[in-house]
Amino acid sequence: MKGQMDTEMGKIIVDEDVLAKYAGSAAVECFGVVGMASVNVKDGIVKLLKRDNIRHGVNVEIENNKLLIELHIIVAYEVSILAVAENLVDNVKYKVEEYTGMEVGKIVVCVEGVKVIN
């Protein structure tokens, strides 16, 4: 399903991949987030994604004209996971709503790993 907005001039349709890339980009800007994670469910392996593949760490669904965003992240060691998650939710919600004009209904943060940063 694609994101859709009705304006006075017509409809604007936004692909979920675009929404996912935007949410992922907003997420990696947050303090304490090392990057997005890709989870191989079959093997249970978590992989840190490069900037080009950021979309694979984000799932976006649309229900009742609201975005439901699931973010899979890797956090920095010795950083409060709660603080990172709260900052992440606020930042992603603000940026996605501000730039797409669509309402974010729910953001789920899945911490898939911790990485020590030198």
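Tutor: The answer below goes from the whole chain to the core and then to one residue, with a surface patch at the end.

This is a predicted model, in which local features need pLDDT of at least 70 and side-chain atom pairs count only at pLDDT 80 or more, while totals for chains, interfaces and linings use all residues. Residues are numbered from 1 along each chain as its sequence is written, and side-chain values use heavy atoms, with hydrogens and water left out.

The protein chain averages a pLDDT (the predictor's confidence in each residue, from 0 to 100) of 83, and 81% of the residues score at least 70. The chain contains 2 helices and 7 strands, taken as DSSP runs (helices H or I, at least four residues; strands E, at least two) numbered from the N terminus. Their order along the sequence is β-β-α-β-β-β-β-α-β. Among these elements, α2 has the highest mean pLDDT (93) and strand β4 (residues 45-48) the lowest (62).

Of the 118 residues in the protein chain, 35% are buried, where buried means under 20% relative accessible area, exposed over 50%, and partly exposed in between (1.4 Å probe, protein chains only). The largest nonpolar core has 25 residues, and Leu71 is among those with the most contacts inside it, as are Val58, Leu88 and Val92. Such a core is a set of buried Ala, Val, Leu, Ile, Met, Phe, Trp, Tyr and Cys residues joined through side-chain atoms within 4.5 Å. At least two residues of this core come from each of α1 (16-28), β3 (33-40), β5 (58-63), β6 (66-76), α2 (81-100) and β7.

Leu71 itself lies in strand β6 and is buried, with a relative accessible area of 0%. Not counting residues up to four places away in sequence, Leu71 touches Ala23, Ala27, Met36, Gly57, Val58, Leu88, Val92, Ile107, Val108, Val109 and Cys110; contact here means heavy atoms within 4.5 Å. Leu71 and Ala20 are 51 residues apart in sequence, with 9.1 Å between their C-alpha atoms. Across the protein chain, residues 24 or more positions apart account for 63% of the contacts with a separation of 6 or more.

Val111 belongs to a nonpolar surface patch with Tyr77, Ile81, Val114 and Val116.

Definitions and conventions. Patches are made of residues with over 30% relative accessible area and no salt bridge: like charges are joined within 9 Å, nonpolar side chains (Val, Leu, Ile, Met, Phe, Trp, Tyr) within 5 Å. Accessible areas come from the Shrake-Rupley method with a 1.4 Å probe; for residues, only the protein chains shown count as cover. A salt bridge is a side-chain nitrogen of Lys or Arg within 4 Å of a carboxyl oxygen of Asp or Glu.
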